Amino acid sequence: DFILISKTYGLLLIEVKGGDVHYNPHNPENQQWGYSPGATTTLKSSDPVKQCVKNWSTVLDFIRKQIPTFSQLYASGYAIALPDSNFKGELPIGLTEQMLFTHEKCQPDTIRDAIFTLFKSLKQKKEKETKVVHQLTDLDIQNIFTALTPVYQLIPIRYKIGYRDWE
């Protein structure tokens with residue numbers, strides 16, 4: 001649903017799921033996720049983590065057509081935002097606490113910190129793997145837009161928090 005690009009921290013894809021979302025790892029695999037848009041809960045076979053990972057992988061494939069070394073040079077990752085849920089309990093495989101933006105983290109006064117914390121974590125992880133993480137240049141960002149624009153409806157928004165230096 002959102003692709004955030006930071007010169008300093010890299011790329012972050014955020015998948016948003018509305019309604020009250022539940023996860024029960026003890027249900028059969030195709031019924032672990034429940035969505036409550038209203039008074040009733042509907043068990044779904046769609047797994048938002050798998051959907052997010054697939055979308056992230058697809059985005060990276062398109063970017064690598066323009067920047068073949070993107071995955072080696074830059075940090076990237078994904079998150080799931082559940083703005084209507086206070087997700088509790090065991091996290092599904094492939095998701096950490098930092099990668100899950102619950103109702104509490106999606107508030108106007110907390111979302112920036114949640115995004116910044118995850119961005120920072122992704123960069124640190126990449127630094128451990130490669131020892132050096134490059135910052136995106138204006139040309140890199142233009143190449144990302146060139147790669148993704150034919151497929152996705154991108155709306156470029158420049159946002160800067162001065163003391164944290166990310167866009």
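The largest nonpolar core holds 41 residues. Within this core, L12, I63, F70, F101 and I144 have the most contacts. At least two core residues come from each of β2 (10-16), β3 (20-23), β4 (33-36), α1 (48-66), β6 (76-81), β7 (100-101), α3 (111-130) and α4 (138-148). In soluble globular proteins, nonpolar side chains tend to be buried together. I144 shows some of the packing in detail. Leaving aside residues up to four places away in sequence, I144 touches I5, I63, I67, F70 and L136. Two of these partners, I63 and F70, are themselves among the residues with the most contacts inside the core.

The model is predicted. Mean pLDDT over the protein chain is 83. A pLDDT of 70 or more is reached by 85% of the residues. Residues 161-167 fall below 50. Beyond near neighbours in sequence, that stretch still has 21 contacts in the model.

The protein chain contains 4 helices and 7 strands. Their order from the N terminus is β-β-β-β-β-α-α-β-β-α-α. Of the 167 residues in the chain, 38% are buried. Contacts between residues at least 6 apart in sequence were also sorted by separation. Among them, 55% join residues at least 24 apart.

Helix α3 has 20 residues. From first C-alpha to last, α3 reaches 29 Å, close to the 28 Å expected at 1.5 Å a residue. Its buried residues are A114, I115, F116, L118, F119, L122, K123 and K126. An α-helix has 3.6 residues a turn, so residues three or four places apart point the same way. The buried residues of α3 pack against β1 (2-6), β2, α2 (70-73), β6 and β7. I115 is one of the buried residues of α3. I115 has a relative accessible area of 9%, under the 20% cut-off, and therefore counts as buried. I115 and K105 are 10 residues apart in sequence. Their C-alpha atoms are 9.1 Å apart in space.

K131 follows α3. This residue is found in the loop between α3 and α4. Most residues other than glycine have a negative phi. K131 has 67% relative accessibility, over the 50% cut-off, and so counts as exposed.

Aromatic pairs number 4. In one of them, the ring centres of W56 and Y78 are 5.3 Å apart. Their planes meet at 55 degrees, so the pair is tilted. The pair links distant parts of the chain. W56 is in helix α1 and Y78 in strand β6, 22 residues apart. Both W56 and Y78 are buried.

Ring pairs also link Y9, F116 and F119 into a cluster. F116 and F119 are among the buried residues of α3. The ring of Y9 has a further partner. The charged end of K123 sits over this ring, 5.4 Å from its centre. K123, too, is a buried residue of α3.

Methods
Residues numbered from 1 in each chain as written. Predicted model: local features only at pLDDT ≥ 70, side-chain atom pairs only at ≥ 80, totals over all residues. Heavy atoms only, no water. Core = buried A, V, L, I, M, F, W, Y, C linked by side-chain atoms within 4.5 Å. Buried < 20%, exposed > 50% of the residue type's maximum accessible area, 1.4 Å probe, protein only. Contact = heavy atoms within 4.5 Å. Expected span 1.5 Å × (residues − 1). pLDDT = per-residue confidence, 0-100. Phe/Tyr/Trp six-rings, centres within 6.5 Å; stacked < 30°, edge-to-face > 60°. Lys NZ or Arg CZ within 6 Å of the ring centre and 35° of its normal.
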